[in-house]
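Open the model in your viewer and keep the selection tool at hand.

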Amino acid sequence: MRPLRTLLHSALLLLPLTLATTTAQVVDDDDAGYDLIINEIQRQNNQSLLWGPYRPQVYFGVKPRLPDSLIAGLMWSGVNDFQQLKENFRHTCEQGDDLEGYGWEEYDVRLGGRQVIRDKGNKIDVEIEWRKVVGGEHGGHWGARVKGTPRKDAPKDIKTSLWFYVGLEGETGSLELDNEPDKFGLEGDVQLLGNAPGLGKFSIEITTGPKTNKHPQQEHQASLSKPLDRTLYAAFDVPPNFVWKTKDILFQHLQEYLHELTKKFGKERHPPPWDSLTLANTYEQGNLHMVQKVFEGAFQFDILYSSGSAGGKMTPQLLTNTIKSFHESFPEQFDKAFNLQEPFNTPEYKEFAHNMFSNLAGGIGYFHGTSLVDKSYAAAYDEEEEGFWEGAADALRNADAQFTGPHTLFTSIPSRPYFPRGFYWDEGFHLLPILDYDVDVTLEVVKSWFAQIDADGWIAREQILGDEARSKVPAEFQIQYPHFANPPTLFIVLNDYLIKLDAAKKEKEQRERLEMEQGIIGGFGSDLPQDLQTAHLCRPLAVKFLRTLYPALRKHYLWFRRTQAGDLKTWERNAKYPREGYRWRGHTMTHCLTSGLDDYPRATPPHTGELHVDLISWMSLMTRVMRKIAIVLDEGEHLRDYIASEVAINKNIDSLHWSDEHQIYCDVTVDEYEESVHVCHKGYVSLFPFLVGGIIAPDSDRLKPVLDFISDPEQIWTPYGLRSLSKADAFYGVGENYWRGAVWININYLALRSLYQYAKVPGPQQKQARTIYLDLRKNLVENIFKEWKRTGFAWEQYNDETGEGQRTKHFLGWTSLVVKIMAMPGKISLVQTEYMDWAE
C-alpha cells in the first residue's frame, strides 16, 4: 500500500494551480484542499476496512461492511465417530465448547491476523491466517490459510471434516461454481464466481493444499462413489434472510443423506462417519454454496478471494508473502502504540498483551438489520408516581414492540460466545486501547454509534440487529426501551481523542519551531496526515469530524439532561444549584440495569426522589467533553452553557452526595419521614466522582477519605484489584452477586488512571496516590495474566477472594484494558517541574 501522504499529494495535484500555490500556509478546516483530502481519506478508510472477520459470533466468519451482501464462514468437526458431530461441531462460538482457548494472537483491523482455536474436544488445533491486500474499488483481495495440527492426545488416524460456505444475503447478485460438475466430487482447486452490489465481480478459490495432506482411505463401498481426496460440494437455494443458518441447513442435508445410506446399507454395513457425514455433490443453482474437505492427520488449504476491480489475483504465494510481512510488522506497530512498562515488558507479558489486544480488535463486527423497540411511550415509563417500578414493570410486560430500521452498526463486542452484539456502556471501554492503536478505526465506530440516535436523542443500550444477532439473545431481553439510558462511556473516548489531538498540535508546533530554527521552510503538504491510523489527528480533519458529529452529540447530551433529571424541588435539599441532580430510570427493587451495575444495591424501595451519584458524575464528564468540543468548534453560546452547567454539577456532587457521616459519596433518597437522606452502599458507586476525573481537586479534603477507602482491605482493596462492593456491606456477596463483590477490570482501570493523575500532580495526597497506584497496577496485571495462563481465557470478572476468573469466559471487551494498564508507567517521580492538568 502506498503511503497515505504520497497518495494525498497525488490527489492534491488535481487542485487548481491558484489553490496549490497558497497551501504552503496552514490550511484551515474550510479550505477546499482539505475537503479533497477528507474525501480521499474516507475512501481509503472504506477500502481498507471493507472486509473483515466481521461475524465475531462464529469462530471464523467473513463479510464486508455492506448490508445484505456476501457472507462466508468455516465449520468443522472430528469424524472418527458419529458422536463427535453431535458434541464437538464447531461454528458459532459457544461458552460450553470443549476448548483450551481460542482467539486472535495477532490482529490488525486493516491488515488481518492469525487466530488459533485449541480444540480439545476434536483433538486438533485449527490455525487461520487471514490477510487483506487492498486495491481497486471494492476493498481488494483477501485470503485465509487454514491449518490443522493434531494435539498430543489425538489418535494417529484422526479424521477431521471441514465445511467452508459462501452465501449472498441480498436479493440481487449471483454466485456459481466455475468447475466442471463431477458426481464423484471436484478434483483440484475449486473456484466460485460471483457478482454483488458494492463488490462487483469476484472469484473465490479453495485450494487442494500441499501434497502432505492426507485423506481417509477408501474402505467402504460408499467411498467408491465419493472419494475423499476430492472436494465435496453442494449448493442450496434458501431465502436470503436464512443464509446465515448454515449449520441448520448442513445438518438437515446430512440427515437426509444418512437416511439414504441407512436404507441402502442398513445398520450393520453402514459406512463410517467420515464417509457418511458428507455433502451429496449436488450441482444446482443457489445463493448458498458449501465445499467440504475430509482429512486424516494434519492438513492445510487456502481460501482466496479476488476482487475483479483490484487487478491480478490473490494467490497462495501472495498470501504467504503477506503472512510473513505481517508477522514482522505487527510487533513493531504494537510497540509503537503500547510501550509496555516494567515489570510487564518481558517476552511472556508481550505475548499476553498481543493476545489481549488482538482479541479485542478481532471482536469488531459489522451488524445490519432491524431492532425491536417498545414504541408505546407509556406514561408509566416516566416513573414519576409512587410505586413507579410496579407500573413500569406492567408497561414492560405489555410493551408495544415494533421492528425499527434496518440499522447498521460497526462495533467492538464484549464477548464472542456470550455477548456478540453492540453494548453502549461497554463500547467506550473497548475503544480506549483501539484508540491508541488506530485513531481512525475508533472514530469509525464512534460515528457508527451516534448514527443510531433517534429523533429525541436516545441510543439503545443494546444493539441487537437482525435475526442472526437475535438468535443469541433470549426473547425477554431483545426489546429496547426509549426511556432507558446507559453510562455514556463514548465520552471517555472523545475526551481521550481530544487529549491526543492537543498533544499532536503541540508536537506539530514544536516541530515547526525546530524547523524554523534550522532554516527549513515547510512546503506544501506539511500539514498532511502521515497515515490512515492517525489521519484525524490532523487538526483540520479533526474539526471536520467533530463538526459533523456535534449535532448528534448535543442532542444525546440534552436527552440525558431532560429524561434522567432528578427532583430537587419537592424535597428540601442542600443543593447549591436547583437543576443539577440526576436519577437513572429503570430502577427496580433488585436491579438498576440502566446504570450498568445491574444488582449493585441502591435505595430500597426505589423512590421518585432518588438521586444517583454515579449518574451525576457521568453528567459531569459529558458536560466537560461537550465544553472541550465547543472550544474546538468555537461554539461560543453553547460553551457558556457548558461551563455554567459543569460548575453547577460539580458543586452539587459535593453538596448533595458527600456524606460527612460515612466520609464517602453516596446516593440520595427520601425516607418515610419525607426527608432527604444518604444511601451509602460503599463500593464502586461511591467512587464515581473520583473515577470520571475533573471533580475532586488534588488539594480537596475529600481526596484522602476516598484514598483511604480504596486502600482498606476491609472495604474494597484485594490482592487482585478493587472489589465492587465493600466487605462490610450487608449486601456483599448475596443474591445474584454480580456487582456485589467481584473485581471488574473496567472500574479498576478508571480508578487506576485517576490515581495516576493524582500521583503525578503536587498535592497533599500525592505520595499516597502513588503508592496505591503502583500496588493496584501490579495486582491487576499479575492476576489477569495468571488466570490467562491457567485457563487460556480472559474473564468477565474475577473473584475477590481467590482472584479466579468467573462468569463469561473469552471476555475480551473491557478486560482487554489490561493492555493499557501494562503500558502505564511502572515508576512515578514525586518531583514535578511544572503543574500538570489533573482534570484531563
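Start with three elements: helix H10 (388–397), helix H11 (424–437) and strand S26 (805–809). Each of them supplies at least two residues of the lining of the second largest pocket. Keep in mind that this is a predicted model.

**The pocket**

Colour H10 separately. Helix H10 gives the most to this lining, with 6 residues. Next, select Arg-461, Glu-462, Phe-477, Leu-593 and Asp-598. Of the 47 residues that line the second largest pocket, these lie nearest its centre. The space in the second largest pocket comes to about 1300 Å³. Now colour the lining by residue class.

**The cores**

Move to Ile-204, Phe-491, Phe-690 and Trp-739. These have the most contacts inside the largest nonpolar core, which has 196 residues. Then show helix H16, residues 613–633. Helix H16 gives the most to this core, with 13 residues. Another core lies apart from the largest one. This other core has 24 residues, and Met-75, Ala-234, Trp-244 and Leu-288 are among them.

Zoom in on Phe-690. What does Phe-690 touch, not counting residues up to four places away in sequence? Its partners include Ile-696, Leu-703, Val-706, Leu-707 and Ile-710.

**Helix H21**

Select residues 766–791. This is helix H21, and Asn-783 lies in it. The 26 residues of H21 reach 38 Å, close to the 38 Å expected at 1.5 Å a residue.

Stay on Asn-783. Is Asn-783 buried or exposed? Its relative accessible area is 3%, under the 20% cut-off, so Asn-783 counts as buried. Show its surroundings next. Leaving aside neighbours within four places in sequence, Asn-783 is in contact with Tyr-720, Tyr-798 and Gly-803. Then step just past the end of the helix. There, after H21, Gly-792 takes a positive phi of about 85°.

**Two cis peptide bonds**

Go to Gly-405 and Pro-406. A cis peptide bond joins Gly-405 and Pro-406, with omega at about 20°. Pro-406 has its place in strand S16, residues 401–412.

The next stop is the bond from Thr-604 to Pro-605. This bond is also cis, and its omega is near 0°. Pro-605 lies in the loop between helix H15 (539–563) and H16.

**Two positive phi values**

Select Glu-674. Find it in the loop between strand S21 (667–670) and strand S22 (676–679). Glu-674 is not a glycine, yet its phi is positive, about 60°. The relative accessible area of Glu-674 is 49%, between the 20% and 50% cut-offs, so Glu-674 is partly exposed.

Finish at His-810. His-810 sits in the loop between S26 and helix H22 (818–823). Strand S26 was also part of the pocket stop, with at least two residues in that lining. Phi of His-810 is near 50°, a positive value in a residue other than glycine. How accessible is His-810? Its relative accessibility is 3%, so His-810 counts as buried.

Methods:
Residues are numbered from 1 along each chain as its sequence is written. This is a predicted model: local features need pLDDT of at least 70, side-chain atom pairs count only at pLDDT 80 or more; totals for chains, interfaces and linings use all residues. Side-chain values use heavy atoms; hydrogens and water are left out. On a 1 Å grid over the protein atoms alone, a cavity is a set of points where a 1.4 Å probe fits but cannot get out, and a pocket is an open set with protein on both sides within 12 Å along at least five of seven lines; lining residues have an atom within 4 Å of a point. Grid points are joined across faces, edges and corners, and a volume is the space filled by probe spheres set on the points. Helices (H or I, at least four residues) and strands (E, at least two) are DSSP runs, numbered from the N terminus. A nonpolar core is a set of buried Ala, Val, Leu, Ile, Met, Phe, Trp, Tyr and Cys residues joined through side-chain atoms within 4.5 Å. Buried means under 20% relative accessible area, exposed over 50%, partly exposed in between (1.4 Å probe, protein chains only). Contact means heavy atoms within 4.5 Å. The expected span of a helix is 1.5 Å times one less than its number of residues.
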